[in-house]
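Here is a short report on one protein chain.

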Amino acid sequence: TVFSTKGGSGRTVIASNLAVCFAQTGMRTLLLDLDLHSGDCALVLGLAPRATMLDLVTGPAPDADALARAVTRHVSGADVLAAPARPEDEELVSVARLGLLLETARASYDAVVIDAASAFSATTLLALDHTDTLLLVGAPDVPAVRSVRIALETLDLLELDLPDVRIVMNRAGADVGLETADIEATLRREIAYALPSDRAVP
């Protein structure tokens, strides 16, 4: 699961590219857009999905066949299950049905990459319950580092017992005055991955 409590962190770009990388190694990969209010995974990957998450969780129980019909295949080989097309459709998605969908996805694919919404919503908590590795995305500026610290503290308070939490520092190397050592001291965590700024991303 790729997660950040701060919008604009680069979470969706990271999740999308991670899914593409998994698929290119030959793994059966699903990118699951769980930002039900304003998910952009399909847009980032240049896809026009024929179905969305909404079709799966409002119809019959989401089994492997239903999931296969609802996904859109990216040229990399990754399958994408898009978020609902309209923000108001978020209210129609049942968390209980999402739980069944996540179990089906884990059984059907080698790798499931979840792009989680930027809030500790019921949907995000459900995703975290099904997470093996959590990538927590930040950036080298004061508001973003504070956001990561609060997210880490919230995860501790929730006692989710996540087996593997890794910090991803996006736009690392930007000249904003925050050094890696200072950020790690503030978070009391090591930064696992640092992604440099690149004009190609926007």
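## Terms and model

Helices and strands here are DSSP runs, numbered from the N terminus; a helix has at least four residues and a strand at least two. A residue lines a pocket when it has an atom within 4 Å of a point of that pocket. The model is predicted.

## Overall build

The chain holds 8 helices and 8 strands. Its radius of gyration is 17 Å, close to the 17 Å that the globule rule gives for 202 residues, so the chain is as compact as a globular protein of that length. Along the principal axes, the C-alpha atoms fill a box of roughly 50 × 35 × 30 Å.

How much of the chain is buried? Of the 202 residues, 46% count as buried. The chain exposes about 10,300 Å², and carbon and sulfur atoms supply 51% of that area. Take the contacts in the chain with a separation of 6 or more: residues 24 or more positions apart account for 78% of them.

## The largest pocket

Rolling a probe the size of a water molecule over the atoms shows where empty space is left. The largest pocket contains about 450 Å³ of space. Its lining has 23 residues. Ser9, Gly10, Val13, Asn170 and Val201 are the ones nearest its centre.

Which elements each supply at least two residues of this lining? They are helix H1 (11–24), helix H2 (41–44), strand S7 (165–172) and strand S8 (191–196). H1 provides the largest share, 4 residues. By class, the lining of the largest pocket has 8 nonpolar, 9 polar and 6 charged residues.

## Ser9

One of the residues nearest the centre of the largest pocket is Ser9. Ser9 sits in the loop between strand S1 (2–3) and H1. Is Ser9 buried or exposed? Ser9 has 7% relative accessibility, so it counts as buried; the cut-off for buried is under 20%.

Which residues does Ser9 touch, leaving aside its neighbours within four places in sequence? Ser9 is in contact with Ser4, Val137, Asn170 and Arg171. Among them, Asn170 also lies with Ser9 in the group nearest the centre of the largest pocket.

## The second largest pocket

The second largest pocket has a volume of about 360 Å³. It is lined by 18 residues. Nearest its centre lie Thr1, Val112, Val113, Asp132 and Thr133.

H1, helix H5 (95–108) and strand S5 (111–116) each supply at least two residues of this lining. S5 gives the most, with 4 residues. The lining of the second largest pocket divides into 11 nonpolar, 4 polar and 3 charged residues.

Most residues other than glycine have a negative phi. Where does Glu159 lie? Glu159 is in the loop between helix H7 (142–158) and S7. Its phi is near 50 degrees, a positive value in a residue other than glycine. Glu159 counts as exposed, at 69% relative accessibility.

Asp161 also lies in the loop between H7 and S7. Asp161 is not a glycine, yet it has a positive phi of about 55 degrees. With a relative accessible area of 73%, Asp161 is exposed. The cut-off for exposed is over 50%.

Key. Residues numbered from 1 in each chain as written. Predicted model: local features only at pLDDT ≥ 70, side-chain atom pairs only at ≥ 80, totals over all residues. Heavy atoms only, no water. 1 Å grid on protein atoms, 1.4 Å probe; cavity = no way out; pocket = protein on both sides within 12 Å on 5 of 7 lines; lining within 4 Å. Points joined across faces, edges and corners; volume = space filled by probe spheres on them. Nonpolar A, V, L, I, M, F, W, Y, C, P; charged D, E, K, R; others polar. Rg over C-alpha atoms; globule rule 2.2 N^0.38 Å. Buried < 20%, exposed > 50% of the residue type's maximum accessible area, 1.4 Å probe, protein only. Contact = heavy atoms within 4.5 Å. Areas by Shrake-Rupley, 256 points an atom, 1.4 Å probe, with all protein chains shown as cover.
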